[in-house]
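Open the model in your viewer and keep the selection panel at hand. The stops below go from one selection to the next.

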Amino acid sequence: MTNKTTEQHFSEINEGDRFEGTPFTPSRETIKRFAEASLDFNPLHFDDNYMADDFGKTNFGGVIMHGMQNFALITRTLTDWLMPRGGYHRRLETRWLSPVKPGDTITPKVTVSEKQITDKGRWVVFDVAVFNQRDEQVASGRAMAEFPDELTIAAPLAAAE
Amino acid sequence: MQAISTGEFETDFWKDAGARQTWDQIVPGAPRDTKPYTLTKEIIATFAEAMGETNPLYFDEEYARKTPYGGIVAPPTIHILLMFACTGTEDWMRSPGTINASQSWFYNVPARPGDTITMQGRALDRYMRKGRLFVIHDNVFTNQNGDVVCSGRGWTIRPQ
């Protein structure tokens, strides 16, 4: 944390500002850990025989990473950028465009697309795109963060009163 | 780190698969059966670690106490775990082959260790498009004080 106020941080953010997340390479081991931590044991992520089959019109040709691992990677990219600036992560919307498989490396890229001041808040809107190692986009998203003077919403009850 | 999954959680999603509602049976608007789930520091730490989080806010009480959060909180993504933790083995989100197409989530107060989280969930809509069967669902998670933690919508492609 710096000594700047949240308002100062907010004023220094500009439309078009960009930042990237830490690249992530899923493996069968990370998929297993994700499943154990999230309780999502869908065979899409484990069963090679099952994944050799077609799914209606889709054939994945092998096990795939949990889409929500991608969601978590995007969230981490945003919160790691927001927290030192006093920003509070408010919203994330994502679409999965193509599956991610063990051995792929994915990197979220974020662009500040909009800033707005409402009656009660300062807001930043982000465009998110996640790319794999072949520069194919695997996910798209939009996010919003709020930059309050004080983070009362996140404070424990006793302190907030 | 200890795995969160305990003996009481069925990790074989094929088991009871026949008891779960298919696209044809899901009733938009009908609530899903849910049960409260209590978070602990260990669950939050294990979850955060598996999400790739390194922020001490999720792991280190002494650090977290000095932040505006006033103590350890769960990462916003904790709803990923809560959706499965608050539903039972017959819930249709466990149907093998369920494909996550899209998600949107809004975050209110953070979840904390000791919080008992309640889920309200339902399908909102179902439709077919280009040969695929879709369901839209929404979930709202609240803590023991009645504060909303987060609310979300998801689009899944149903197995057929």
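This is a predicted model: local features need pLDDT of at least 70, side-chain atom pairs count only at pLDDT 80 or more; totals for chains, interfaces and linings use all residues.

In which sense do strands β4 and β5 of chain B pair, and over how many bridges? Select residues 132-142 and 148-157 of chain B: the two strands run antiparallel and are joined over nine bridges. Strands are DSSP runs of E with at least two residues, helices runs of H or I with at least four, both numbered from the N terminus; two strands pair if DSSP finds at least two bridges between them.

Residues are numbered from 1 along each chain as its sequence is written, with chains lettered from A and ligands numbered from 1 in the order written.

Next, show the whole sheet. Its 10 strands form an open, antiparallel sheet in the order β1(A)-β3(A)-β4(A)-β5(A)-β2(A)-β2(B)-β5(B)-β4(B)-β3(B)-β1(B). The edges are β1 (18-20) of chain A and β1 (37-38) of chain B, each pairing on one side only.

Now select helix α2, residues 28-38 of chain A. Its buried residues (20 or more other C-beta atoms within 10 Å of their own, C-beta atoms being placed from the backbone) include Ile31(A), Phe34(A) and Ser38(A). Among the elements covering them are α4 of chain A and α1 (41-50) of chain B. Leu39(A) follows the helix with a positive phi, near 65°.

Last, go to Asp16(B), in the segment before β1 of chain B. Its C-alpha is 6.4 Å from that of Glu90(B), 74 residues away in sequence.

Conventions
A residue is buried if 20 or more other C-beta atoms lie within 10 Å of its own, exposed if 12 or fewer, and partly exposed in between; C-beta atoms are placed from the backbone. Two residues are in contact if their C-beta atoms, placed from the backbone, lie within 7 Å.
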